[in-house]
Amino acid sequence: MTIKLKGRCISKGYAEGEALVCRQPIGLNFGVDFETGVITEYNHELCGKSIKDKVLIFPHGKGSTGGSYVVYQLAKNKTGPKAMINLSTETIIAVGAIMAGVPVMDHLEKDPFDVISDGDHVIVDAVQGIVTIDK
Amino acid sequence: MQLTDVEKRMRDGEQGEPVRMAMEILIALGEIYEAERLVPVRSAHIAGLSLKSHGIAGTEWAEDLAKQGAKVCIPTTMNVVGVDRSRDLNLPREWEKNQLRIETAYECMGCYGTSTCVPYYCGFVPRFREHIAWAESSAVIFSNSVLGARDNREGGPSALAAGLTGRTPLHGLHLDENRRGDVLFRVTAHLSGIADYGALGSYVGRMIGTRVPVFEGIKGPSIEELVYLGSALASSGGVALFHAAGVTPEAPTIGSAFGGKRYDTVEVTVREIEEGRQKLTSGKERKVDYVAIGCPHCSLNQIKEISILLGGRKVKEETALWIHTNVAIKHLAKQLGYVKVIEDAGGIVTQDFCTILGNPEALGFKTLATNSPKMAFYAPGSNGLDVWYGSVEQCIDSAVSGYWKS
């Protein structure tokens with residue numbers, strides 16, 4: 001089954017990959033090992049899981065404002081997500097993604113948590129503003 | 001977004017590549033957040049300057065900008081970093097070398113090497129309703145809430161972009177309508193000391209995410225207690241603004257804090273404070289080998305209090321006691337003799353540096369005791385340390401005995 005959803009482009013670009021869905025906000029500064037892309041935040045839903053090469057779906061960023069550089073560093077190390085989808089992107093994630101050229105979209109026409117599951121193949125076209133989900 | 005003629009020329013590269021790049025970031029953010037225009041800002045504060053955030057890629061990005069002649073055009077302060085320029089902490093040499101590269105690059109761009117998360121403790125105090133572009137989540141929430149300045153949660157690069165252009169997009173907390181409260185927290189628990197305020201922030205931050213909490217029942221807090229409440233709200237959640245009725249400038253009353261909006265009410269009793277405290281505690285072994293205080297950086301009052309609490313006792317040989325502050329406060333504390341008292345007892349007072357941005361774990365520490373909610377929140381992920389969280393008295397006692405007592 002293929003689903004197409006329109007949304008808002010935060011950081012322009014095109015990428016596709018396997019979905020990793022996280023219902024908790026993510027703080028990347030001090031919360032991820034940028035050599036491996038594994039989340040290290042204590043008690044976090046994704047703790048111990050890798051975000052490398054995923055299309056990462058989460059509500060919004062949180063925590064320390066140094067996170068923009070972390071998004072950039074993850075992209076340079078090729079240990080970061082291929083693309084990100086938020087309910088509503090905040091500044092920290094937005095700026096890091098723009099610096100690094102990582103596609104980011106938010107405000108999809110349907111709640112991504114209702115539509116996207118772990119392992120779905122997701123195409124993020126953050127030029128046209130369309131997310132395509134293959135389930 | 002509307003740009004002035006000058007801003008259009010900045011965007012088109014008339015003032016060089018760094019200003020062009022800065023405008024690209026600001027315009028992109030402005031479009032995302034549907035800002036009508038850019039607004040002039042009086043000051044900027046850049047965070048994420050630790051090697052842990054910049055990495056080598058970010059370091060090279062900053063060095064390239066400096067080489068291209070980037071210069072800030074408004075007072076721009078620098079956040080705490082991972083090295084103490086006044087002493088040798090025996091951290092790995094490669095770490096220190098790369099950390100100093102970052103500081104040098106930003107100083108070349110004209111930033112002030114304050115190296116602190118509390119620029120308001122060394123003379124950089126935005127006035128009520130002044131637009132600023134500060135990063136450092138604890139400084140953002142403090143300047144918005146306690147000083148009544150207008151600031152969004154800037155990232156390091158967007159704060160630098162504001163420093164290079166003197167502007168930021170007019171959206172979010174720069175606008176009156178976004179500064180009203182969302183949820184009322186009626187605090188009936190008695191709060192005493194920064195660890196209690198930190199526990200409150202830890203509980204509320206987890207619940208409220210990025211919305212605006214309003215507190216009722218907070219009575220006569222010190223500036224330090226408000227700093228630590230804010231730092232906990234901003235790290236456990238993504239809070240950038242809180243109001244406290246009768247305490248902060250935009251909340252003379254509960255009604256004015258909400259500005260006519262409907263709101264839910266949450267009761268905060270001793271139980272909720274205890275829950276906030278538990279969330280910050282990950283300690284397993286009661287043996288403590290590292291006690292660190294000052295995240296955000298200590299005020300002079302906090303350092304004086306620590307020197308009095310030590311009361312002539314010695315820090316246990318296998319335990320380290322590190323107090324974090326900035327160069328300005330350190331200088332004063334030294335002149336007044338507090339640093340000598342702490343160092344004679346076997347502790348140290350660091351400047352520029354802090355636990356989560358530095359890597360004291362390289363010295364083999366395993367279990368941290370602290371009264372700082374932000375440090376307690378980040379240390380397990382950033383430093384791999386187990387954490388005991390409690391009052392400053394408990395922390396100093398554990399430095400002396402080497403054990404944590406609940």
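Strands β2(A) and β8(A) pair in the antiparallel sense, with three bridges between them; two strands count as paired if DSSP finds at least two bridges between them. Within this pairing, A:Cys9 has A:Met105 of β8(A) as its bridge partner. Helices (H or I, at least four residues) and strands (E, at least two) are DSSP runs, numbered from the N terminus.

This is a predicted model, in which local features need pLDDT of at least 70 and side-chain atom pairs count only at pLDDT 80 or more, while totals for chains, interfaces and linings use all residues. Residues are numbered from 1 along each chain as its sequence is written, and chains are lettered from A and ligands numbered from 1 in the order in which they are written.

**The sheet of chain A**

Chain A holds an open sheet of eight strands in the order β1-β10-β9-β3-β6-β7-β8-β2, with mixed pairing. β1 (2-6) and β2 of chain A stand at the edges with a single partner strand each, so one side of each has no neighbour in the sheet. From one strand to the next the twist averages 30 degrees. Axes here are lines fitted to C-alpha atoms, for helices over the stretch in contact, and angles run from 0 to 180 degrees between N-to-C directions.

β3(A) takes part in an antiparallel pairing with β9(A) and in a parallel one with β6(A). The table sets out pairings from both chains.

| Strands | Sense | Bridges | A bridge pair |
|---|---|---|---|
| β3 (14-21) and β9 (121-125) of chain A | antiparallel | five | A:Ala15 and A:Val124 |
| β3(A) and β6 (54-58) of chain A | parallel | four | A:Val21 and A:Ile57 |
| β6 (183-187) and β7 (213-216) of chain B | parallel | four | B:Phe185 and B:Phe215 |

**Helix α2 of chain A**

α2(A) packs on the eight-stranded sheet. The helix touches β2, β7 and β8 of chain A, and its direction makes about 70 degrees with that of β2(A). Contact between two residues means that their C-beta atoms, placed from the backbone, lie within 7 Å.

Ten of the ten residues of α2(A) are buried. A residue is buried if 20 or more other C-beta atoms lie within 10 Å of its own, exposed if 12 or fewer, and partly exposed in between, with C-beta atoms placed from the backbone. Among the buried residues of α2(A) are A:Thr91, A:Ile93, A:Gly96 and A:Met99. The cover comes from both chains: it includes β2 (8-11), α1, β7 (83-86) and β8 (104-106) of chain A, together with α2 (17-32) and α6 (156-165) of chain B. After α2(A) comes A:Gly101, with a positive phi near 70 degrees.

**Contact between the chains**

In the interface, 32 residues of chain A are in contact with 35 residues of chain B. On the chain A side, the elements that give two or more residues are α1 (67-77) and α2 (91-100). This side divides into 13 nonpolar, 15 polar and four charged residues. Ala, Val, Leu, Ile, Met, Phe, Trp, Tyr, Cys and Pro count as nonpolar, Asp, Glu, Lys and Arg as charged, and the others, Gly among them, as polar.

The largest nonpolar core has 169 residues, and those with the most contacts inside it are A:Val71, A:Ala97, A:Val104, B:Ile46, B:Leu200 and B:Val291. Such a core is a set of buried Ala, Val, Leu, Ile, Met, Phe, Trp, Tyr and Cys residues joined through C-beta atoms within 7 Å. α2(B) gives the largest share of this core, nine residues.

**Chain B**

Chain B is divided into domain 1 (5-175), domain 2 (180-273) and domain 3 (290-401); the bounds come from an automatic or database domain assignment. The C-alpha centres of domains 1 and 2 of chain B lie 27 Å apart. Between these two domains, 13 residues of domain 1 are in contact with 15 residues of domain 2. The domain 1 side has six nonpolar, six polar and one charged residues.

Chain B also has an open sheet of four strands, in the order β8-β7-β6-β9, with parallel pairing. Its edge strands are β8 (243-244) and β9 (264-268), each pairing on one side only. Helix α7 (194-208) of chain B packs on this sheet and touches β6, β7 and β9 of chain B, its direction making about 155 degrees with that of β6(B). Not counting residues up to four places away in sequence, B:Leu200 touches B:Val187, B:Leu191, B:Leu229, B:Val268, B:Ile273 and B:Gly276.

B:Gly69 lies in the loop between α3 (51-67) and β3 (76-78) of chain B. With 13 C-beta neighbours inside 10 Å, B:Gly69 counts as partly exposed.
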